[in-house]
Amino acid sequence: MCSSDLSSEKIHDMATMFMIPEDQSLQMMRRYGVSHVLVFTPDDLQKFYWIAQIAGQNGTEYLTMKDNTYQPTDLGTQTTLLRLLFDDTVRPVHFTKVYDNGKGKIYRVNY
């Protein structure tokens, strides 16, 4: 397998990791040795549909826009990424926020 195939596989894994529920994403994160996760708002919300597509999902099933505001759907509240981005309303279970400056949030992964 050439290095570009490995890079593509890792990118797909990262997108998938963010699109699945926390308990499932922890297994993938452990495999990659992830200790912390960094997310950006609103940047990652704007990129969400691309992340979903890379993971083989339809982003509109997870995130909608109403009155110029992004809102997770019921299905979206189950995804790791949207739980981290909307942590004020859908609290992540396996992540502890260690930094938030209103633009970026850093979480420690709790295995």
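Tutor: Helices and strands here are DSSP runs, numbered from the N terminus, and the model they are read from is a predicted one.

Student: Okay, where does Val-34 lie?

Tutor: Val-34 lies in the loop between helix α2, which covers 22-32, and strand β1, which covers 36-40.

Student: Is Val-34 buried or exposed, and why?

Tutor: Val-34 has a relative accessible area of 17%, and because buried means under 20%, Val-34 counts as buried.

Student: And which residues does Val-34 touch, leaving out those up to four places away in sequence?

Tutor: With those left out, Val-34 touches Met-29, Val-109 and Tyr-111. As for Arg-108, that residue is 74 residues apart from Val-34 in sequence, while the two C-alpha atoms are 9.0 Å apart in space.

Student: Switching to helix α2, what about Glu-22, buried or exposed?

Tutor: Glu-22, which is found in helix α2, counts as buried at 6% relative accessibility.

Student: What lies 2.9 Å from a polar atom of the Glu-22 side chain?

Tutor: That is the backbone nitrogen of Val-93, and Val-93 is also among the residues that Glu-22 touches, including Arg-83, Arg-91 and His-94, when residues up to four places away in sequence are not counted.

Student: New topic: how many aromatic pairs are there?

Tutor: The count comes to three aromatic pairs. In one of them, the rings of Phe-48 and Tyr-49 have centres 6.1 Å apart and planes at 80°, so this pair is edge-to-face.

Student: Which residues form the aromatic cluster?

Tutor: Phe-48, Tyr-49 and Tyr-62 form one cluster; within it, Phe-48 is buried with a relative accessible area of 0%, whereas Tyr-49 counts as partly exposed at 27%.

Key. Residues numbered from 1 in each chain as written. Predicted model: local features only at pLDDT ≥ 70, side-chain atom pairs only at ≥ 80, totals over all residues. Heavy atoms only, no water. Helix = DSSP H or I, 4+ residues; strand = E, 2+ residues; numbered from the N terminus. Buried < 20%, exposed > 50% of the residue type's maximum accessible area, 1.4 Å probe, protein only. Contact = heavy atoms within 4.5 Å. Phe/Tyr/Trp six-rings, centres within 6.5 Å; stacked < 30°, edge-to-face > 60°. Polar contact = N/O pair within 3.5 Å; in protein donor to acceptor, adjacent residues only side chain to side chain.
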